[in-house]
Amino acid sequence: KPDGKLVLIDFGSIREITDTYLARMGRGSELTGVISAGYTPIEQINGKALPQSDYYALGRTLVYLVTGKQPGKFSLDIKTGRLLWHNQAPQILQPVKN
C-alpha cells in the first residue's frame, strides 16, 4: 500500500456459470482447472484441496518474495520433498527458515 504496509490478496480464479458449465457438472465431466506451477499443492491439482493447501501456496509465495526466484527453480530434498531454498536467502534468520 502507499503507506508501506503489506497486504495479502487472493486473486484466485473465477468462472462464469454458463449452460456448458452446468451441463458438464451435471454429467460429472472433467472441467478445466487453473493452477500456478510451483505454487499449487498436489492435492489441489488432484481435485482434493484442503484448508491447509493455502499454507503450501503461501509458503511458496514467501520463498519467492525472499529469494526472487520461482519455486520451480529450486531442487527438492529427496527424503522430505521440501524446497532447498535456504542458501538463497541469507538475510532470513535460521529460526524463520525452519
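The protein has four helices and zero strands, where helices (H or I, at least four residues) and strands (E, at least two) are DSSP runs numbered from the N terminus. Read along the sequence, these elements give the pattern α-α-α-α. The structure is a predicted model, in which local features need pLDDT of at least 70 and side-chain atom pairs count only at pLDDT 80 or more, while totals for chains, interfaces and linings use all residues. Residues are numbered from 1 along each chain as its sequence is written, and side-chain values use heavy atoms, with hydrogens and water left out.

**The protein as a whole**

Of the 98 residues of the protein, 14% count as buried; buried means under 20% relative accessible area, exposed means over 50%, and partly exposed lies in between (1.4 Å probe, protein chains only). The protein exposes about 8,400 Å², and carbon and sulfur atoms supply 57% of that area. Such accessible areas come from the Shrake-Rupley method with a 1.4 Å probe, and for residues only the protein chains shown count as cover. Among the contacts in the protein with a separation of 6 or more, 12% are made by residues 24 or more positions apart, a contact being heavy atoms within 4.5 Å.

Which residues does Ser53 contact, once its neighbours within four places in sequence are left aside? They are Pro41, Glu43 and Gln44. Ser53 lies in helix H3, and Ser53 counts as buried because its relative accessible area is 1%. The side chains of Ser53 and Glu43 are joined by a polar contact of 2.7 Å, that is, a pair of N or O atoms within 3.5 Å, of which, within protein, one must be able to donate a hydrogen and the other to accept it, and residues adjacent in sequence count only if both atoms are side-chain atoms.

Arg60 is also found in helix H3. Arg60 is buried yet has no salt bridge, and the nearest side chain of opposite charge, Glu43, is 10.0 Å away. A salt bridge here is a side-chain nitrogen of Lys or Arg within 4 Å of a carboxyl oxygen of Asp or Glu; for charge, Lys and Arg count as positive and Asp and Glu as negative, while His and the chain ends are not counted. A polar atom of the Arg60 side chain does, however, lie 2.8 Å from the backbone oxygen of Gly38. Apart from neighbours within four places in sequence, Arg60 is in contact with Gly38, Tyr39, Pro71, Leu76 and Leu83.

**A nonpolar patch on the surface**

Tyr55, Leu58, Leu62, Tyr64 and Leu65 form a nonpolar patch on the surface, and together they have about 520 Å² of accessible area. Patches are made of residues with over 30% relative accessible area and no salt bridge, with like charges joined within 9 Å and nonpolar side chains (Val, Leu, Ile, Met, Phe, Trp, Tyr) within 5 Å. Leu62 has its place in helix H3, which covers residues 53-67, and Leu62 is partly exposed because its relative accessible area is 45%. Leu65 is in helix H3 as well, but Leu65 counts as exposed, since its relative accessible area is 59%.

Lys69 is found in the loop between H3 and H4, and at 34% relative accessibility Lys69 counts as partly exposed. Not counting residues up to four places away in sequence, Lys69 touches Tyr64, Phe74 and Gln88, and a polar contact of 2.7 Å joins the side chains of Lys69 and Gln88. Asn87 belongs to the loop between H3 and helix H4 (94-97), and Asn87 is exposed, with 62% relative accessibility.

The table gives C-alpha separations for pairs of residues.

| Pair | Apart along the chain | C-alpha to C-alpha |
|---|---|---|
| Leu65 and Ala89 | 24 residues | 9.8 Å |
| Asn87 and Thr67 | 20 residues | 9.3 Å |
| Lys69 and Gln88 | 19 residues | 8.8 Å |
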